[in-house]
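Please have the viewer open as you read.

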Amino acid sequence: MTTADASSFPTPPRVDAGPAYVSRTTLAPSPPPYSVVGPVAWMREHLFTGPVNIALTIIIGLLLAWIIPPFLRFAIFDAVWSGANRDVCIYTPERTAVGACWAFIWDRAAYFTYGSYPVAERWRVNVFFALLAIGVVWLLNLKAPRRDLGGVYFFVVLPILSYILLVGAPWLGLRNVETNLWGGILVTIVCSAVGIVVSLPLGILLALGRRSTMPAAKLISVIFIEFVRGVPLITVLFMASVMLPLFVPDYLQPDKLLRALVGIALFAAAYMAEVVRAGLQALPRGQYEGAMAMGLSYWQMMTLVVLPQALKITIPNIVNTYIGLFKDTTLVVIVGIFDFLKTIEAARIDPTWGAPTVSATGYLYAAIFYFICCYLMSSYARGVEARLARADKR
Amino acid sequence: MSVQTEAASARPKVSPLYDPKVRSVAFQVLLCAALGFLVYVAVSNAHENLSRQKIATGLGFWNNLAGFPISQTLLDYSERYSTYGQAFWVGLLNTLLVAVVGIVLATLLGFTMGIARLSKNILVAGVARWYVEIVRNLPLLLQLLFWYNAVLKALPSVRDSAQLPFGIFLNNRGLFSPRPDPEPLFDFVWLALGFGVVATIAFRWWARKRQEATGAQAPVGWVTLGLIVGLPVLVFLLLGRPIAFDYPAATRFNIGGGMVLQPEFLALLFGLTIYTGAFITEVVRAGILAVSHGQTEAAYALGLRPNITTKLIIIPQAMRVIIPPLTSQYLNLTKNSSLAVFVGYPDLANVFTGTVLNQTGQAIEVVGITMMVYLTISLGTSFVMNIYNNRKALVER
């Protein structure tokens with residue numbers, strides 16, 4: 001109905017005064033709205049609504065113009081892409097602008113990936129990366145065939161194979177490689193993979209313990225979970241690094257990497273337990289009662305009815321916990337392990353590459369690496385979440 | 001009742017192997033025995049290892065001379081006469097300092113960005129979104145190292161410090177600012193501030209009662225501002241500005257006087273604030289989105305204006321969703337402040353599990369004490385927050 005139509009209706013004359021809140025006059029028709037489609041309307045709505053928004057748009061626009069071009073100049077246009085040592089990245093009379101020193105990253109890429117792992121044995125690390133990638137894709141792709149086998153592969157076969165590959169097995173002709181030679185992305189991946197493989201089963205057990213009716217099991221689980229969640233990872237790593245050797249007999253001293261792995265796995269398990277517990281609590285009671293009415297035993301009920309459903313709805317949170325775990329692996333440097341970030345720290349102060357932009361380049365490379373890994377994981381979590389929401393909506 | 005007992009007694013006798021009660025007790029006994037055995041082995045091993053390595057046990061070291069310097073001390077501390085116990089308190093206060101300042105700043109940043117994230121202005125929302133995406137996906141340690149090594153340590157040296165307004169200097173030794181030295185009369189300003197806070201609380205209580213009784217709104221915001229800011233400023237001016245400033249002065253190799261915020265403190269503060277702020281942003285956004293749109297529409301239908309709707313309808317309901325995860329972010333910030341070790345800020349973890357552990361070698365005691373401190377902070381906070389949360393929780397029919 002247009003305004004012309006509305007004004008053509010005669011207003012009936014009021015006979016009684018009516019309640020005070022009823023208006024006695026006819027309001028003048030409002031002007032037609034501005035266009036609500038097209039680029040101009042879009043910009044009006046999203047950028048220039050009112051004076052505050054106009055000011056914010058201008059300020060942020062200026063800020064972006066101030067930040068982005070110098071960043072692009074640094075990272076791409078003024079960057080040095082190849083070279084063998086610091087000479088290509090230092091200021092000279094002819095070279096007054098030096099951006100990121102990507103030549104440094106390129107030169108030390110093998111160190112950042114494998115640490116000091118013997119060059120002749122690095123194919124073993126590559127095979128490990130490939131095996132891990134297969135396991136991850138198999139487990140995470142919700143449409144992959146035989147995902148139960150995928151679980152067995154990831155949680156049983158892969159750890160054994162990886163141990164043989166990385167540590168070595170003289171009876172197979174693979175010579176032993178001491179863990180203090182490991183470093184770089186390899187250690188970061190090993191730490192997070194061990195954290196993932198150990199923390200999920202242990203976390204499930206702890207969550208079941210916390211929800212159990214047995215007082216002793218419940219108490220032990222609660223104490224462990226609350227204790228670990230209440231202290232910083234650094235102190236857990238310290239504990240694993242300096243206290244664990246005291247608690248085991250002299251002939252069984254664990255090596256440095258193993259100590260850190262124990263610390264990380266226990267730490268992650270406590271967080272995983274709370275995530276799994278939330279999933280268990282979200283499940284309707286009828287599922288438990290139905291399973292019990294069918295005469296299933298406790299473990300049958302858990303493995304056949306409860307856990308499959310509870311874990312499915314917790315996948316996004318599990319992945320988010322893994323993102324935290326992945327970022328936390330950077331802290332293992334405190335007990336003297338050369339993870340990815342530590343190799344960058346070590347390489348950036350190496351005088352062979354002593355140039356002004358080397359540190360910034362190193363940090364930028366690390367940032368890109370961590371960002372890609374974490375972003376992929378969180379996009380996956382969001383994807384699963386969206387899929388589950390769609391399934392719930394029907 | 002009687003039917004049940006009858007049914008129970010009529011139940012066929014099962015083998016104790018399949019009796020759930022027997023099984024449960026047996027399992028728990030086994031669990032406790034296994035755990036007890038583990039603890040026994042660990043303790044006896046520890047005892048043997050400690051005596052073999054000739055490491056002292058017990059808390060005897062607490063009153064021994066520490067003999068190492070600490071770069072930032074809020075208490076009286078000197079390497080010449082202070083004990084390990086005093087070092088502990090200095091470290092703990094440094095942890096609490098960075099945690100409290102960090103929590104305040106991260107909350108401000110997080111709430112601003114959380115609201116910006118929901119803005120209709122795509123530039124504002126986009127900046128907030130990419131802030132969260134980038135910061136949450138990078139390890140805190142990387143961010144700390146970046147702030148410390150690539151930003152604060154890359155600042156100009158003392159000789160060519162950047163001079164900011166108000167006599168502030170910025171260089172690679174930190175941020176130097178004038179130190180206020182209050183004169184005796186300044187105590188009255190504190191008094192005025194205290195009075196202002198008490199009066200504000202009383203006024204707010206009165207305004208609330210009156211609003212509930214009559215519906216009339218009082219200008220709470222202006223009165224609060226006047227009492228808390230205006231009154232102390234007025235007293236300050238009336239007393240003739242009883243404060244002196246000690247300005248930092250640049251000498252050739254150093255800056256003397258004034259007060260200094262060390263780069264270690266600043267790096268840790270920036271890192272923690274920006275990192276936790278990103279998580280708080282998401283918490284705030286989720287909280288606001290959790291308030292159903294019907295609430296806003298109902299408020300508008302009742303004729304409430306938008307800012308009143310925000311204040312009385314949206315924020316109280318959003319806070320109910322925001323507060324539990326917000327608390328855990330605060331605790332995370334406090335725990336993450338232990339990353340001070342990596343930039344050399346003398347917090348509890350750095351002073352105690354770092355230097356003291358190295359000097360005494362008493363791993364069990366030192367790590368144990370440190371863990372207990374963090375545990376006390378965490379459990380204490382969650383205890384208080386649970387009480388608060390139970391009071392604020394939605395009372396369902």
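This is a predicted model: local features need pLDDT of at least 70, side-chain atom pairs count only at pLDDT 80 or more; totals for chains, interfaces and linings use all residues.

Residues are numbered from 1 along each chain as its sequence is written, and chains are lettered from A and ligands numbered from 1 in the order in which they are written.

Let's begin with the helix pair. Helices are DSSP runs (H or I, at least four residues), numbered from the N terminus. In chain A, the axes of helix 9 (residues 233–247) and helix 10 (residues 256–282) cross at roughly 140° and come within 8 Å. Axes here are lines fitted to C-alpha atoms over the stretch in contact, with angles from 0 to 180 degrees between N-to-C directions. Helix 9 of chain A is therefore oblique to helix 10 of chain A; angles under 35 degrees count as roughly parallel, over 145 as roughly antiparallel, 65 to 115 as roughly perpendicular and the rest as oblique.

Among the residues making this contact are A:Leu237 and A:Leu244 of helix 9 of chain A, and A:Gly263 and A:Phe267 of helix 10 of chain A. Residues are in contact if their C-beta atoms, placed from the backbone, lie within 7 Å.

Next comes the core, a set of buried Ala, Val, Leu, Ile, Met, Phe, Trp, Tyr and Cys residues joined through C-beta atoms within 7 Å. Buried means 20 or more other C-beta atoms within 10 Å, exposed 12 or fewer, and partly exposed in between. The largest nonpolar core has 147 residues, of which A:Leu237, B:Leu144 and B:Leu268 touch the most other members. Helix 10 of chain A gives the largest share of this core, 15 residues.

| Residue | In contact with |
|---|---|
| B:Leu268 | B:Val98, B:Leu144, B:Ser337, B:Ala340, B:Val343 and B:Tyr345 |
| B:Ile323 | B:Asn389 and B:Lys392 |

B:Ile323 lies in helix 10 (residues 306–336) of chain B. With 16 other C-beta atoms within 10 Å, B:Ile323 is partly exposed. Its C-alpha atom is 9.1 Å from that of B:Val284, 39 residues apart along the chain.

How values were computed
Helices (H or I, at least four residues) and strands (E, at least two) are DSSP runs, numbered from the N terminus. Two residues are in contact if their C-beta atoms, placed from the backbone, lie within 7 Å. Lists of a residue's contacts leave out its neighbours within four places in sequence.
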